[in-house]
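Here's a quick briefing to read alongside the sequence and the model. Have a look at the ligand site to begin with, then at the aromatic side chains.

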Amino acid sequence: MVKLQVAIDLLKIEDAIALATKVAPYIDIIELGTPLIKSEGLSGIRKMKDAFPDKLVLADFKTADAGELEADMAFGAGADYITILGATGDSTIAGAVKSAKAHGKGVVVDTIGVKDRVKRAQEAIALGAEFVELHAGLDEQAEEGYSIQVLIDEAKTAGVSVSIAGGVNLSSITAVKESGVTVAVAGAAIYGAEDPAKAAKELKELLLA
Ligand SMILES: O=C([C@H](O)CO)[C@H](O)[C@H](O)COP(=O)(O)O
């Protein structure tokens with residue numbers, strides 16, 4: 001079954017927890033987005049995990065250096081996953097993987113800004129990442145001509161465990177699912193919806209269909 005991850009790009013932890021409360025029945029992984037972590041710090045991760053001890057919590061650190069140290073920080077605060085940038089060196093990913101093994105948690109490598117996402121995904125899995133996020137960030141999505149189709153095509157050829165993030169919504173989620181991903185990540189399609197619970201429910205139903 002493809003897991004559904006909600007990416008929460010809000011700035012206040014109270015708002016993030018309120019959103020997560022509405023959508024939790026349909027969500028497998030709760031992601032604290034990078035802006036939320038920069039706004040609220042490690043205590044935000046702790047508050048989210050305390051509020052949802054039975055959910056997987058992903059801290060979207062997008063770590064570029066000091067992989068082991070930052071992973072220790074995220075896992076110590078209650079995260080189940082940390083993101084490490086694929087664009088960084090192998091030793092940063094390896095350091096985070098070392099921490100993940102010590103804590104019984106997982107590393108997700110984020111391919112934002114990486115030119116050859118498939119090749120880097122394969123390398124990251126070989127380094128011990130649990131899965132790799134094929135990711136077009138908010139800025140790339142805003143560029144003229146962006147289409148999630150490029151990520152969907154890459155997922156089909158990756159041959160390793162991947163998620164897709166960058167424009168997953170009700171129109172694209174079936175194609176995302178059929179590309180063979182492990183996790184579908186939806187941010188704005190949920191937190192920006194008029195009725196986030198309804199949006200999350202519909203996304204989940206399409207993943208289960
Ligand atoms: O990871 C993200 C971005 O870098 C800001 O933190 C987004 O959460 C991710 O791209 C989700 O995108 P949308 O589903 O298109 O909101």
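## Ligand site and an aromatic pair

Sorted by class, the shell around the ligand holds six nonpolar, six polar and four charged residues. Keep in mind that this is a predicted model. The ligand takes up the space of the largest pocket.

**Who surrounds the ligand**

- There are 16 residues around the ligand, and the ones that come nearest are Asp 9, Lys 62, His 135, Gly 187 and Ala 188.
- Three elements supply at least two shell residues each: helix H2 (34–40), strand S3 (56–63) and helix H7 (138–142).

**Polar contacts and burial**

- Asp 9 puts a polar side-chain atom 2.6 Å from an oxygen atom of the ligand.
- For His 135, a polar side-chain atom sits 2.7 Å from a ligand oxygen.
- Lys 62 has a side-chain N or O atom 2.8 Å from an oxygen atom of the ligand.
- On its own the ligand would expose 410 Å², and the protein buries 94% of that.

**Aromatic pair**

- The count of aromatic pairs comes to one.
- That pair is Tyr 81 with Phe 131, arranged edge-to-face, with 5.6 Å from centre to centre and 75° between the planes.
- Why does the pair tie together parts that are apart in sequence? Tyr 81 belongs to strand S4 (residues 81–85) and Phe 131 to strand S6 (residues 131–135), so the pair links parts 50 residues apart in sequence.

Conventions. Residues numbered from 1 in each chain as written. Predicted model: local features only at pLDDT ≥ 70, side-chain atom pairs only at ≥ 80, totals over all residues. Heavy atoms only, no water. Near = heavy atom within 4 Å. Polar contact = N/O pair within 3.5 Å; in protein donor to acceptor, adjacent residues only side chain to side chain. Areas by Shrake-Rupley, 256 points an atom, 1.4 Å probe, with all protein chains shown as cover. 1 Å grid on protein atoms, 1.4 Å probe; cavity = no way out; pocket = protein on both sides within 12 Å on 5 of 7 lines; lining within 4 Å. Sits in = over half its atoms within 2 Å of the grid points. Helix = DSSP H or I, 4+ residues; strand = E, 2+ residues; numbered from the N terminus. Nonpolar A, V, L, I, M, F, W, Y, C, P; charged D, E, K, R; others polar. Phe/Tyr/Trp six-rings, centres within 6.5 Å; stacked < 30°, edge-to-face > 60°.
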